[in-house]
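Subject: Handover of a structure and its findings

Dear colleague,

Please find below the structure that I am passing on to you. My notes on it follow directly after.

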Amino acid sequence: MSNKLAFFKPKVQIYEKEEEVDELVSKLVVEQIKKKSTSVLILPTGSTPLGMYERIILAYKRGEVDFSKTTIINIDEYFPIKKNHPGSYYYYMKHNLIDSINVKVENWHIASGEEPLEKSITMLCTQINKIPIIDLAVCGLGPGKTCHIGFNEQGTLSTSTIHFVKLSEETIKANRRLFLNPKEMPKGAITLGICDILRARKIILIAKGKAKAWGIKRTLTGQINEDAPASYLRYHKQTIFVLDKEAASLLPNDILN
Ligand code: GLP
């Protein structure tokens with residue numbers, strides 16, 4: 001399949017400091033909502049987007065942006081996990097964004113880690129399939145050599161839609177530290193598939209820090225295939241990779257626009 005798909009020279013923007021990445025990406029999100037208040041966003045979790053969320057909240061508090069008609073879809077959630085577990089992405093989103101802006105709860109879609117698996121997947125599919133246009137997807141990049149987006153681990157096909165994932169050893173090792181009791185980290189997750197993410201009209205991938213340098217090089221300069229699910233973003237003409245200097249440190253000069 002990959003042979004038949006067009007791919008594009010990725011747009012790459014590199015900033016000296018990680019705060020500049022946060023500044024740019026939060027501005028792009030805010031501009032999107034100002035231009036189209038009914039925008040549908042796919043949003044990520046992790047440490048990378050925290051600065052972006054802080055700035056989005058500040059813009060909201062200054063009265064610059066109104067989320068009352070905006071829809072937010074979360075890219076992934078652990079499974080199984082209780083919503084009120086501090087390690088859940090439900091908890092993360094509520095505390096880092098949702099509770100601080102005026103998005104309507106019924107316009108926020110995130111996989112449930114509490115319902116039976118089939119039911120949870122069906123519920124999210126039903127919600128997402130009713131949405132005709134996804135305007136903007138913001139993604140982080142998985143740790144180390146995973147090159148995952150959402151929880152689309154190595155081996156995921158470009159045709160994938162919402163699905164259950166058995167997390168890789170590398171992901172478990174990297175994300176365990178985020179759980180107060182590492183033994184409570186689930187071994188599975190529900191994620192939007194590559195196809196769902198590529199539906200967005202525009203995509204932004206953010207990566208910061210030296211720990212992402214290998215993954216960024218593989219994603220942007222290696223083959224587009226299931227060994228690096230983030231590389232599928234190069235099939236999308238409107239993808240921007242927004243990186244700090246350290247995440248970009250292994251990139252060859254000719255990748256720069
Ligand atoms: C997890 C999430 C991803 C996220 C990644 C990066 O694995 N499933 O959606 O992009 O973490 O996390 P961090 O930003 O903390 O490096």
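Which element gives the most to the lining of the second largest pocket? Helix 4 does, with four residues.

Before the details, a word on the basis of these notes. This is a predicted model, in which local features need pLDDT of at least 70 and side-chain atom pairs count only at pLDDT 80 or more, while totals for chains, interfaces and linings use all residues. Residues are numbered from 1 along each chain as its sequence is written, and side-chain values use heavy atoms, with hydrogens and water left out. Helices (H or I, at least four residues) and strands (E, at least two) are DSSP runs, numbered from the N terminus.

Pockets

A pocket is an open set of points, on a 1 Å grid over the protein atoms alone, where a 1.4 Å probe fits, with protein on both sides within 12 Å along at least five of seven lines; its lining residues have an atom within 4 Å of a point. A volume is the space filled by probe spheres set on the points, which are joined across faces, edges and corners.

The second largest pocket has a volume of about 270 Å³. It is lined by 18 residues, and Lys83, Tyr90, Trp108, Ile110 and Ser112 are the closest to its centre. Besides helix 4 (117-129), strand 5 (108-109) also supplies at least two residues of this lining. By class, the lining has eight nonpolar, five polar and five charged residues; here Ala, Val, Leu, Ile, Met, Phe, Trp, Tyr, Cys and Pro count as nonpolar, Asp, Glu, Lys and Arg as charged, and the others, Gly among them, as polar.

The largest pocket has a volume of about 620 Å³. Of its 33 lining residues, Thr45, Gly46, Ser47, Asn175 and Leu178 lie nearest the centre. Strand 4 (76-79), helix 3 (89-96) and helix 5 (169-175) each give two or more residues to this lining, and helix 3 has the largest share, three residues. The lining comprises 17 nonpolar, 12 polar and four charged residues.

Seven strands form an open sheet in the order 1-10-9-6-2-3-5, with parallel pairing; two strands pair if DSSP finds at least two bridges between them. Strand 1 (11-15) and strand 5 are the edge strands, each pairing on one side only. Strand 3 (residues 71-74) runs parallel to strand 5 and is joined to it by two bridges. Ile72 has Trp108 of strand 5 as its bridge partner.

Nonpolar cores

A nonpolar core is a set of buried Ala, Val, Leu, Ile, Met, Phe, Trp, Tyr and Cys residues joined through side-chain atoms within 4.5 Å. Buried means under 20% relative accessible area, exposed over 50%, and partly exposed in between (1.4 Å probe, protein chains only). The largest core has 39 residues, of which Ile72, Met93 and Leu97 touch the most other members. Not counting residues up to four places away in sequence, Met93 is in contact (heavy atoms within 4.5 Å) with residues including Leu43, Tyr53, Ile72 and Trp108.

Two tyrosines

Tyr235 is found in the loop between helix 7 (213-221) and strand 10. This residue is buried, with a relative accessible area of 11%. Tyr60, found in helix 2, is partly exposed, with a relative accessible area of 25%.

With kind regards
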